[in-house]
Every structure is written in C-alpha cells, then in structure tokens.
Amino acid sequence: TKAALRLYGNPESIVSAVCAFPSVQAAVDSTVQILQCGIPIARIEFLDDVMISACNRFSGLQYAVLPTLFLEFHGSEQSMEEQVQQAEEIIKTNGGSNFSWAKDQETRTKLWTARHNAWYAALALRPGCKGYSTDVCVPLSKLPEIMVETKKDLAESQLLGPMVGHVGDGNFHCILLLNPDDLGEVQRVKEFANRLARRALALHGTCTGEHGIGLGKRKLLEEEIGDVGMETMRQLKATLDPKNLMNPGKVL
C-alpha cells in the first residue's frame, strides 16, 4: 500500500467577500463573467434568498435576504488588489451590493459561517422533516439558465428547496425538505429531481456533479452516456472485477 502526500504553501494573502444581488440571474451572471475574464478566484459559492434567510435564523447572522455570492481570493498583496477590483466592477454592473470584505482569519471564518452551516440551517426550516439533496452540473455558460428555471420549478411544484452551489464549477444543489410520511410530497420531490437532472442533460451537463449515481440515478446514467457508454463501462468492470465482487448489480 502506498500513499502520496502533496503539500501546498499558504498564499501570501487571502481576502474573502460576500455580496448580495437583486436576482438569481444577476448573481450567476456575475459568476460566469468573473470566470470568463480569467480572474483567478479561489472559491465562489452561491446561496439563494431562501437559504440566506435560513442561515440568518440558524446562525444569528444579518445578511440581506437576497441571492448571495461568497468569494475568496488568494495571491500576493498586489495581485489581490487587482483581482478584487476587477471582480467588484463586474459585480456592480450586475447590481451587486451589501459588500462585506475580510482579510484576517477570524473575520473570514465568520463571513463563511452561512455557507458552512447551510445544510443544518435548511433542515431547521422544517423541524422533523428530512432533507433530500439534488446534485447536477452544467457547462458554466448554461448555469444562469438552469438555475433560473429551477427556481421557477420549485415555486410551481410547491416545494421548499433552498439552493446552494459551487457555482465556479457549474455545480449546484437544491436541499428539498419533505415529510417522508406525505406520499404526495415524496412523489413531487422525486419528479422534481428527475426534471432537474434531465434539464441538466439537455444543456450538455451531467446528472451528478459530486454525489454519484448510487441507486436512484441509474436510469439517468443510461440517458446521459447511452448504450455504447454503458457497454464500455460494463466491459471495463468485467476486466477489473472479473469475479463481480465490487458492488455487484448496483450500477452495472
């Protein structure tokens, strides 16, 4: 058994920022433009208004209840100043406001509290209910379209599903809150999750950005990669696992 250890030096300077937007479209447009301009941002995360409201209540915060981006920049003092200035200009052109900036560790940690506690904050919106997290990923240029459509779908489906996203990667989640004893609601959640996955596939994305296929997305995997892709994966598994010991009958 071997283990590889890779060490990275701490950046000379780190700056974190939080800013609010008038709409989901404006927040995600800013994300796309920042990345397309080649600004070397280290982290960029999205929380919608429902999630921000939940985080405010759960963590005792006072963020504006609006779609919000959390950003982090790494680099030298000089490069940081340029990165922050460029990002701020883009954000302002999209209506961004309520900026909060932080350089020291303690303040940066406080700024990121909302994102770090998002799952528990969402669950607290409906005590006693369960959380079901969706997970799709699309090309960055398609991110505004799918997130706006998904927000609309949530409202039309009468589902409570705060949205969070690792939007710098084109990946986002809806944390759907449901009563497992309400079979009608459970069915609406399943139908919503399938629509969301197929919406991502239609935009040349994937039905899972990081959570995996598991049991629930086997049909979606077939739709995503097709018969040839599935057969190729079966042949690879047969070669690497001729006795079919690894997850027999699960995905393949």
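Biologist: At what angle do helix α1 and α7 pack?
Modeller: This is a predicted model. In it, helix α1 spans residues 24–36. Its axis lies 9 Å from that of α7, and the packing angle is about 160°.

Biologist: Are α1 and α7 roughly parallel or roughly antiparallel?
Modeller: Angles over 145 degrees count as roughly antiparallel. The angle here is about 160°. So α1 and α7 are roughly antiparallel.

Biologist: How many residues in the contact of α1 with α7 are nonpolar?
Modeller: From α1 come Val24, Gln25, Val28, Asp29 and Val32. From α7 come Leu143, Pro144, Met147, Val148 and Lys151. Of these residues, 1 is polar and 2 are charged, and the nonpolar count is 7.

Biologist: Which residues of α3 does α1 contact?
Modeller: The axes of α1 and helix α3 (residues 77–93) come within 9 Å and cross at roughly 145°. On the α1 side, the contact uses Ser30, Gln33 and Ile34. The contact holds 4 nonpolar, 3 polar and no charged residues. On the α3 side, the residues are Ala87, Ile90, Ile91 and Thr93.

Biologist: What is the handedness of the crossing of α7 and α8?
Modeller: Helix α7 covers residues 143–156, and its axis comes within 11 Å of that of α8. The two cross at roughly 165°, and they are therefore roughly antiparallel. The crossing is right-handed.

Biologist: How many charged residues are in the contact of α7 with α8?
Modeller: α7 brings Ile146, Glu149, Thr150, Asp153 and Leu154. α8 brings Phe192, Arg195, Leu196, Arg199 and Ala200. By class there are 5 nonpolar residues and 1 polar, and the charged count is 4.

Biologist: Which element supplies the largest share of the lining of the largest pocket?
Modeller: β5 (130–133) and α8 (183–202) each give at least two residues to the lining. The largest share is 4 residues. Those come from α8.

Biologist: How many residues of that lining are polar?
Modeller: The lining of the largest pocket splits by class. It has 5 nonpolar and 3 charged residues. The polar count is 6.

Conventions. Residues are numbered from 1 along each chain as its sequence is written. This is a predicted model: local features need pLDDT of at least 70, side-chain atom pairs count only at pLDDT 80 or more; totals for chains, interfaces and linings use all residues. Side-chain values use heavy atoms; hydrogens and water are left out. Ala, Val, Leu, Ile, Met, Phe, Trp, Tyr, Cys and Pro count as nonpolar, Asp, Glu, Lys and Arg as charged, and the others, Gly among them, as polar. Axes are lines fitted to C-alpha atoms, for helices over the stretch in contact, and angles run from 0 to 180 degrees between N-to-C directions. Angles under 35 degrees count as roughly parallel, over 145 as roughly antiparallel, 65 to 115 as roughly perpendicular and the rest as oblique. A crossing is left-handed if the near helix is turned anticlockwise from the far one by less than a right angle, and right-handed if clockwise. Contact means heavy atoms within 4.5 Å.
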